[in-house]
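Let's take a walk through this protein together. Have the sequence and the model side by side as you read.

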Amino acid sequence: IWAVANETPVEPARNEFLRRLIADARTQDPSRLIAAALDLKPGQETPDDSRGVIRVNDPIGAHLDVLGFNRYDGW
């Protein structure tokens with residue numbers, strides 16, 4: 001698995017950079033999955049339903065095969 005980011009802030013310059021990086025990684029080895037740990041700050045999450053599902057609004061997620069999330073409860 002290629003990992004392209006770790007908890008980077010969502011902003012236009014980052015989104016464009018990561019889209020290009022992901023495209024380059026796919027040309028280097030199209031058989032590998034592409035992953036990133038996405039950043040989730042309080043207030044960015046969107047409760048999806050009563051089961052506690054959280055939807056993260058990060059446009060890079062649409063370009064990834066594997067998503068990772070770290071939740072630091074109690075810090």
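**From fold to core**

Of the 75 residues in the protein, 23% are buried, where buried means under 20% relative accessible area, with a 1.4 Å probe and protein chains only. This is a predicted model, in which local features need pLDDT of at least 70, side-chain atom pairs count only at pLDDT 80 or more, and totals for chains, interfaces and linings use all residues. Residues are numbered from 1 along each chain as its sequence is written, and side-chain values use heavy atoms, leaving out hydrogens and water.

Start at the N terminus and follow the chain: the elements run β-α-β-β-β-β, giving 1 helix and 5 strands. Both kinds of element are DSSP runs numbered from the N terminus, helices being H or I with at least four residues and strands E with at least two.

Now look inside. The largest nonpolar core has 10 residues: Val 4, Ala 5, Leu 18, Ile 22, Ala 25, Ile 34, Ala 36, Leu 38, Ile 60 and Leu 64. Such a core is a set of buried Ala, Val, Leu, Ile, Met, Phe, Trp, Tyr and Cys residues joined through side-chain atoms within 4.5 Å. At least two of its residues come from each of strand 1 (2-6), helix 1 (12-28) and strand 2 (34-38).

Leaving aside residues up to four places away in sequence, Ile 22 touches Val 4, Ile 34, Ile 60, His 63 and Leu 64, with contact meaning heavy atoms within 4.5 Å.

How far can you trust the picture? The mean pLDDT (the predictor's confidence in each residue, from 0 to 100) is 83. Confidence is highest in helix 1, at 96, and lowest in strand 3 (residues 45-47), at a mean of 57. Where pLDDT is low, predicted coordinates should not be read in detail.

How values were computed
Buried means under 20% relative accessible area, exposed over 50%, partly exposed in between (1.4 Å probe, protein chains only).
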